[in-house]
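Welcome! Please take a moment to turn the model around on your screen, and then let us walk through it together.

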Amino acid sequence: MAQKLQLAGAVVLLTGAASGIGAALAQGLAAKGCSLLLVDRDAAGLEAVAGKARAAGAAVETRVLDLTDAEAIQTLPDWAEARFGRLDVLINNAGVALGGRFDETHLDDFEWLMDINLRAVVRMCHAFLPMLRARPAAQIVNLSSLFGLIAPPGQVAYATSKFAVRGFTEALRHEYAGTGLGVTVVHPGGVATAIARSARSPRPPTDPEAAERARVEDEKAREAFGKLLTLSPEEAAATIIQGIERRQPRILIGKDARSAALIQRLMPAGYWKTIVRLSGGKV
């Protein structure tokens, strides 16, 4: 496998491109001279991001698509082939969040999250493998999370999906070791995106007083979680792009992700008590 991937002139498909890390990646990749295939369910946000990338000189195509739609995903390779004739980099960035204890979580919401965070990643990789394998050098980049390294309480659904993305990506990398196809897993820490504000919450109790208490607790949890999101999407995107160029197998983004990876490696069963103690009980 080539030691470095040349992004200038590369064709990149990016999901979750309308906001957050995805929007910053689109701009950074445009500056590198990439042609972009941008996918998101947010039509207005997607077009705004595409406009900025075009202003930077990039050739850009957009597709409004809900990643829970497995049949729609199957149409994307033909779309990519018709627009640019090839694909060099696939970045599975799209993701959603679902807070709350497992016993408070409706299984329909759990399945919704798994459809986007895990099954869409698997389906995208499977759909685009033939195009990527046809290139002398190509890269798959799957975004896991800090919570694909450690699993905090109140994040059972999200951690389940992100640990699964990590395992899927690592196994895929081992399958294609020694070929022109590289596979990267990304673990962002606290990046300042809208994921905390847009996360689904457990469905409220039917009792009005209990429902109000649940609403207040949910707002407090969102506010507390939001305060942990301090790294800019632009910094995260720059780290990811550099990692793609270097064909890194794993990219840790932020001091929190690097610290968590170290603590988990040193104390694989007892890391959470240590993290709680080091944070002064604020996690």
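The largest nonpolar core of this predicted model has 49 residues. A nonpolar core here is a set of buried Ala, Val, Leu, Ile, Met, Phe, Trp, Tyr and Cys residues joined through side-chain atoms within 4.5 Å. Buried means under 20% relative accessible area, exposed means over 50%, and partly exposed lies in between, with a 1.4 Å probe and protein chains only. Leu 13, Leu 87 and Phe 128 have the most contacts inside this core, and helix α5 gives the most to it, with 15 residues. Apart from this core lies another, of 34 residues, among them Ile 21, Val 49, Val 89 and Ile 91.

A few words on how to read the numbers. Because the model is predicted, local features need pLDDT of at least 70 and side-chain atom pairs count only at pLDDT 80 or more, while totals for chains, interfaces and linings use all residues. Residues are numbered from 1 along each chain as its sequence is written, and side-chain values use heavy atoms, with hydrogens and water left out.

Now for the whole chain. It has 11 helices and seven strands; these are DSSP runs, numbered from the N terminus, with helices being H or I of at least four residues and strands E of at least two. Of the chain's 283 residues, 47% count as buried. Residues 24 or more positions apart account for 71% of the contacts with a separation of 6 or more, where contact means heavy atoms within 4.5 Å.

Which residues does Leu 13 touch, leaving aside its neighbours within four places in sequence? They are Leu 37, Val 39, Trp 79, Leu 87, Val 89, Leu 90, Ile 91, Met 124 and Phe 128. Leu 13 also stands opposite Leu 90 in strand β4. Strands β1 and β4 pair in the parallel sense over three bridges; two strands pair if DSSP finds at least two bridges between them.

Stay with strand β4, residues 89–92. In a regular strand the side chains alternate between the two faces of the sheet. Here Val 89 and Ile 91 point one way, Leu 90 and Asn 92 point the other way, and all are buried. β4 also pairs with β5 in the parallel sense, over four bridges, and the bridge partner of Ile 91 in β5 is Val 141. From β4 the chain crosses through α5 to β5, and this β-α-β crossover is right-handed. That term applies if, with the strands pointing away from the viewer, the path from the first strand over the helix to the second runs clockwise.

Another right-handed β-α-β unit is made by β2, helix α2 (residues 43–55) and β3. β2 and β3 pair in the parallel sense over five bridges, with Leu 37 opposite Glu 61 in β3. Helix α2 is also the place of Glu 47, which counts as partly exposed at 42% relative accessibility. Not counting residues up to four places away in sequence, Glu 47 touches Arg 54 and Thr 62. Glu 47 and Val 60 are 13 residues apart in sequence and 10.0 Å apart in space, C-alpha to C-alpha.

Next, look at helix α4, residues 76–84. Its buried residues are Leu 76, Pro 77, Trp 79 and Ala 80. They cover an arc of only 160° around the axis, so they sit on the same side of α4; the arc is that of the directions from the helix axis to the C-beta atoms. On the other side, Asp 78 and Ala 82 are exposed. The cover over the buried residues of α4 includes β1, β2, β3, α3 and α5. Just after α4, Gly 85 takes a positive phi of about 80°.

Finally, the aromatic rings. Rings of Phe, Tyr and Trp (its six-membered ring) pair if their centres lie within 6.5 Å, and planes under 30 degrees apart count as stacked, over 60 as edge-to-face and the rest as tilted. By this rule the count comes to two aromatic pairs. The rings of Phe 102 and Phe 110 have centres 6.0 Å apart and planes at 80°, so this pair is edge-to-face. Phe 102 is partly exposed, with a relative accessible area of 47%, whereas Phe 110 is buried at 12%. Phe 147 and Tyr 158 also form an edge-to-face pair, 6.2 Å centre to centre with 90° between the planes. This pair links distant parts of the chain, 11 residues apart: Phe 147 is in the loop between β5 and α6, and Tyr 158 is in helix α6. Both Phe 147 and Tyr 158 are buried.
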